[in-house]
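Morning, everyone. Have the viewer open, please.

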Amino acid sequence: MSSQAGVPHLLEHPVSSYAQKVKIALREKNVEFTSEIPSDISSSADGPLHHSNPRVEVPVLIHNGNKIFDSTIILEYIEDMWSERPLLPKDPGQRAKARMIEDVCDTQYEAVNWGLGEIRAFARAEGALKDQLEGTAQQQTATLQDWLEQQLEGPWFNGSSFGWADASVAPIVNRSVVYGYGPSEGSKLKAWHQRLMERESVKKTFEEFEKGLGGMRNPAIKEMYLSGQMQREYRDHRLEWMIKSGGMEIIHKGLEKGNIRFSWP
């Protein structure tokens, strides 16, 4: 572990792609950390998440008195604090490229995966609407993966070494694999994903993801969300995806039942 004082503590959920990205980065830098799923996640109850992030979103990194939210800002803090093994390339153009790849994955791509989760895990749609949303998500996933394929200029998105962009793409593309929309056979992205699965930082994080996903499939958890005891966040890019994909009915029902929320304030 780095000699930097204080063990970082992460408020997270293992299914969150944003939290997975942060954990991969910490593990790539061999930074020991502790983590917890906050008791007030997806709820209005008072708890550690409400005290550390006005948006009440995971992840939050707590370290040396700092409470840092937003996964990109957390990555920047990790890169600055534990700089011995940089995840960003030295070239300014390549650094910008890594950040652009991260941004596309955090917004457009994450929204597609999230929408599929609403349909499959929480059964927000059925019949013709379900088929329409699934079809839209499948088509958009293929488009996004084609774009990512074009960004791969070596074994990694960073080029010859694993880096910032790889940590950002990893949980997003892996979620597509879980949903049955993984990269096509023979593609560079497919080969990248196979290399990715051999890294210890990724294997550990994805093991936690699989375990968390099993918990999310628990009927009791699903009922807590659908009954309004807990709320799913329909924020910016996610809300846009649901609207433009034809899911206004889902939004209206969620508002009526009080089982969705929008971003703070």
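Over residues 6-86, the chain is 35% helix and 17% strand, with 20 Å between the end C-alpha atoms. Helices (H or I, at least four residues) and strands (E, at least two) are DSSP runs numbered from the N terminus. The UniProt annotation "domain: GST N-terminal", from an unreviewed entry, covers this stretch, residues 6-86. UniProt positions are in the numbering used here, feature names are shortened, and annotations may be inferred rather than shown by experiment.

A word on the ground rules. This is a predicted model: local features need pLDDT of at least 70, side-chain atom pairs count only at pLDDT 80 or more, and totals for chains, interfaces and linings use all residues. Residues are numbered from 1 along each chain as its sequence is written, and side-chain values use heavy atoms, with hydrogens and water left out.

Now the strands. Two strands pair if DSSP finds at least two bridges between them. Strand 1 (residues 9-11) pairs antiparallel with strand 3 (residues 60-63), over three bridges. There, H9 stands opposite I62. Strand 3 also pairs antiparallel with strand 4 (residues 66-69), over four bridges. V60 has F69 as its bridge partner in strand 4. The hairpin of strand 3 and strand 4 has two residues between the strands, and N64 takes a positive phi near 50°.

On to P86. P86 is in the loop between helix 3 (71-81) and helix 4 (92-120). Contact means heavy atoms within 4.5 Å. Neighbours within four places in sequence aside, P86 contacts K29 and E79. P86 and F162 are 76 residues apart in sequence, yet 10.0 Å apart in space, C-alpha to C-alpha.

Next, the domains. The chain is divided into domain 1 (9-81) and domain 2 (92-217). Those bounds come from an automatic or database domain assignment. Their centres, taken over C-alpha atoms, are 20 Å apart. Across the two, 17 residues of domain 1 are in contact with 23 residues of domain 2.

So much for chain; now space. On a 1 Å grid over the protein atoms alone, a cavity is a set of points where a 1.4 Å probe fits but cannot get out. A pocket is an open set with protein on both sides within 12 Å along at least five of seven lines, and lining residues have an atom within 4 Å of a point. Grid points are joined across faces, edges and corners, and a volume is the space filled by probe spheres set on the points.

How many cavities of 30 Å³ or more does the search find? One, in the whole structure. The largest cavity holds about 30 Å³. Its lining is S17, Y18, K21, D106, S168, P171 and I172. Helix 1 (17-28) and helix 6 (164-178) each supply at least two of the lining residues.

The largest pocket holds about 820 Å³. It is lined by 37 residues, and H13, V15, M216, Y225 and R232 are closest to its centre. Helix 4 gives the most to that lining, with five residues.

The second largest pocket has a volume of about 340 Å³. Of its 21 lining residues, Y18, R55, D70, S71 and R235 lie nearest the centre. Helix 4 gives the most to this lining too, with five residues. Both domain 1 and domain 2 contribute at least three residues each to the lining of the second largest pocket.
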